[in-house]
Amino acid sequence: ALATAAAVVLLWIVVGDDSAPGEEFRARGGGFDLEELAPGEREPGVRLFCVQVSEDGAEVRDEIHMTQAALPAPRLRCTIDDELQVTYSTPSLPGLTMMVFAQSPSGETHWYAPTQEGNTTVSLAEDVIDEALGFSTVLGARHEPGTYEITGRFFLGPQPASPGAGEPVTDLRAELVLEPSEEARP
């Protein structure tokens, strides 16, 4: 049931609805309440989902949780045919903003939140767990197979959307291993 709910929600995102389907992603995160979390678990975090979308629906193929305590950096495996969905968790910090971007093997910057360089950071709700952004990234657009270094940064207040902008509250790291499409494999 959970996989079906995630598939319906992700298909809804791909079709272009502007609202974020937070309830479904919170369900994937275990449905816990912030009051149940220890103080160290209330730090900002990002979860990344590789989603395969087809005419039969959507399937979450892999996921990772980026937190300060995640050592070594988590590794997410996707194919070039997948889409990348970002969710975030925040503590009680009003005015928190976020950016999520990656460096490709060739050094190019790819933006996932906001969706392009030059925008400001994404404004976040406070006291949420696994709140989904209302959009996903098609990895087949401007991405090539290889290992990408993903960075998630949280700021207090708006910051210029630049990898070196301002002093972040939290700086998270992960790897995205992007493999060729399944049709291209021998």
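This is a predicted model: local features need pLDDT of at least 70, side-chain atom pairs count only at pLDDT 80 or more; totals for chains, interfaces and linings use all residues.
Begin by selecting strands β2, β1, β4 and β8, which form an open sheet of 4 strands in the order β2-β1-β4-β8. The pairing in this sheet is antiparallel. In general, strands of a sheet pair through backbone hydrogen bonds, either parallel or antiparallel. Now look at the edges, where β2 (57-66) and β8 stand. Each of these two has a single partner strand, so one side of each is left without a neighbour in the sheet. On average, neighbouring strands of the sheet are turned by 25° against each other, direction ignored.

Next, select strand β1, residues 45-54, together with β2. These strands pair in the antiparallel sense over 9 bridges. To see a particular bridge, display F49, whose bridge partner in β2 is E63.

**A residue in β8.** Move to strand β8, residues 128-138, and select D130 within it. Is D130 buried or exposed? D130 has a relative accessible area of 2%; this residue is therefore buried, as the cut-off is under 20%.

**The nonpolar core.** Finally, select V46, L48 and M98. Of the 29 residues in the largest nonpolar core, these three touch the most other members. Which residues does V46 touch, not counting those up to four places away in sequence? The contacts of V46 are I64, H65, M66, V86, T87, Y88, M98, V100, F154 and L172.

How values were computed:
Residues are numbered from 1 along each chain as its sequence is written. Side-chain values use heavy atoms; hydrogens and water are left out. A nonpolar core is a set of buried Ala, Val, Leu, Ile, Met, Phe, Trp, Tyr and Cys residues joined through side-chain atoms within 4.5 Å. Buried means under 20% relative accessible area, exposed over 50%, partly exposed in between (1.4 Å probe, protein chains only). Contact means heavy atoms within 4.5 Å. Two strands pair if DSSP finds at least two bridges between them. Axes are lines fitted to C-alpha atoms, for helices over the stretch in contact, and angles run from 0 to 180 degrees between N-to-C directions.
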